Amino acid sequence: MLHITNGESVSLPQTGLPGEIVYWADTLHDGPVPRGLALQELSRVRERFIAEFFGLPASDVSFTKRDDAIARFHDHEEVILWFEHDLYDQLQLIQVLDWFSHQERGRTRLSLISVDRYLGSLEPQQLTPLFETRHEVSADELKTALAAWEAFCSPEPTGLAALIDSGTSALPFLRGALVRHLQQFPALHGGLSRAERQILHLTGSGVSQFHELFPAVQKMEESIWMGDSTFRQYLRGLSGVKHPLLNSIDTGFEPTAFGRQVYEGREDHIRANGINRWLGGVHLCEGAPEWRWDEAAQTIRP
């Protein structure tokens with residue numbers, strides 16, 4: 001067996017289940033995921049981004065072992081995918097399912113465990129019963145994942161909005177995850193992503209220290225998808241721009257006057273500070289379409 005799951009926090013090795021374990025461990029919700037790249041090519045793109053985004057040595061970031069393991073899937077009678085309901089996991093799931101949809105699987109069975117529980121918080125004795133609930137991946141699940149991955153990697157986000165409207169019922173947690181992804185685009189008014197707006201809301205109400213802010217932001221999410229390292233980069237992004245929205249102070253963080261104006265919709269973060277950010281296959285930058293999330297209409301607009 002080959003088990004594929006989101007990260008090393010999942011205690012599959014302690015379950016005693018047979019087989020090899022692969023951790024996908026990519027924060028696909030941030031950084032470039034351009035369309036049309038083979039897995040190995042995309043992995044090199046992702047490695048460079050992750051090293052730069054998190055300030056890590058390039059040698060510390062490698063998906064080679066992961067990619068080599070999935071390429072050898074024919075060595076196994078069964079591949080079992082273990083993924084949760086949140087944005088982080090659902091993007092990984094559609095990437096893996098899309099990859100398998102282009103493979104000749106032969107006699108290897110492809111199975112899925114997709115749950116609305118956080119696998120990393122489960123004890124080994126709680127994971128083992130989930131193994132018995134796995135089902136063989138259906139043609140509809142593969143078709144939905146292929147369409148979703150194609151839309152996610154597209155240079156325009158309109159395909160994602162159309163997919164959300166047309167239905168993703170084959171993968172029941174996917175719609176909520178894709179909506180949450182689109183909410184990371186700059187808002188129609190003020191130019192803040194949902195995560196950035198949540199940070200300004202909390203700091204404006206007096207929640208200032210990192211150890212308070214991070215769990216408070218998590219409580220504002222329908223499904224927890226962001227790790228603390230990503231959250232630190234969002235804080236730095238709000239405080240390290242030409243016109244800062246946050247000040248770093250001895251007790252933590254507080255909104256600047258400009259940050260309060262942006263939060264109230266009287267100024268626009270992107271028009272003041274510009275943007276150079278990838279969300280899936282969409283590169284938000286000078287000269288490109290200014291895609292915005294319209295919260296009232298629940299859609300994306302150029």
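Predicted model: local features only at pLDDT ≥ 70, side-chain atom pairs only at ≥ 80, totals over all residues.
Figure 1. Look for Trp 278, which stands opposite His 283 of strand 10. The sheet around this pair is open, has three strands in the order 3-9-10, and shows mixed pairing. Strand 3 and strand 10 (282-284) form its edges, each pairing on one side only.

**Figure 2. His 181 is a buried residue of helix 7.** Here we zoom in on His 181, which belongs to helix 7 (residues 174-182). Its relative accessible area is 1%, so His 181 is buried. Leaving aside residues up to four places away in sequence, His 181 touches Leu 87, Phe 152, Leu 160, Leu 279 and Gly 280. Phe 258 makes a handy reference point: His 181 and Phe 258 are 77 residues apart in sequence, and their C-alpha atoms are 26 Å apart in space.

**Figure 3. Helix 5 packs with helix 6.** This view brings together helix 5 (residues 139-153) and helix 6 (residues 158-166), whose axes are 7 Å apart at an angle of about 150 degrees. The two helices are therefore roughly antiparallel. On the helix 5 side, the contact is made by Ala 147, Ala 148, Ala 151 and Phe 152; on the helix 6 side, Gly 159, Leu 160 and Leu 163 meet them. Sorted by class, this contact of helix 5 with helix 6 has six nonpolar residues, one polar residue and no charged residues.

**Figure 4. Helix 1 and what covers its buried residues.** Helix 1 (residues 39-54) contains 16 residues and reaches 22 Å from its first C-alpha to its last, close to the 22 Å expected at 1.5 Å a residue. Its buried residues are Leu 39, Leu 42, Ser 43, Val 45, Arg 46, Glu 47, Phe 49, Ile 50 and Ala 51. What covers the buried residues of helix 1 includes strand 3 (31-32), helix 2 (64-71), helix 3 (87-101) and helix 5. Follow the chain just past helix 1 and you come to Gly 55, which takes a positive phi of about 65 degrees.

Figure 5. Strand 5 (residues 109-114) runs antiparallel to strand 6, and two bridges join them. Ser 111 has Glu 136 in strand 6 as its bridge partner.

**Figure 6. Helix 8 crosses helix 10.** The axes of helix 8 (residues 194-204) and helix 10 come within 11 Å and cross at roughly 75 degrees. Helix 8 is therefore roughly perpendicular to helix 10. Ala 195, Glu 196 and Ile 199 of helix 8 meet Phe 231, Tyr 234, Leu 235 and Leu 238 of helix 10. By class, the contact of helix 8 with helix 10 has six nonpolar residues, no polar residues and one charged residue. Helix 10 (residues 228-239) itself has twelve residues, which should span 16 Å at 1.5 Å a residue; its end C-alpha atoms are 17 Å apart, in agreement with that value. Buried in helix 10 are Thr 230, Phe 231, Gln 233, Tyr 234, Leu 235 and Leu 238.

Figure 7. Strand 7 (residues 246-249) and strand 8 (residues 252-255) run antiparallel, joined by four bridges. A hairpin connects strand 7 to strand 8 through two residues. Within this pair, Ser 248 has Phe 253 of strand 8 as its bridge partner. Now turn to Thr 203, a residue of helix 8. With 4% relative accessibility, Thr 203 counts as buried. Not counting residues up to four places away in sequence, Thr 203 touches Leu 213, Leu 246, Phe 253, Glu 254 and Pro 255.

Conventions. Residues numbered from 1 in each chain as written. Heavy atoms only, no water. Axes fitted to C-alpha atoms, helices over the stretch in contact; angles between N-to-C directions. Parallel < 35°, antiparallel > 145°, perpendicular 65-115°, else oblique. Contact = heavy atoms within 4.5 Å. Nonpolar A, V, L, I, M, F, W, Y, C, P; charged D, E, K, R; others polar. Expected span 1.5 Å × (residues − 1). Buried < 20%, exposed > 50% of the residue type's maximum accessible area, 1.4 Å probe, protein only. Pairing = 2+ DSSP bridges.
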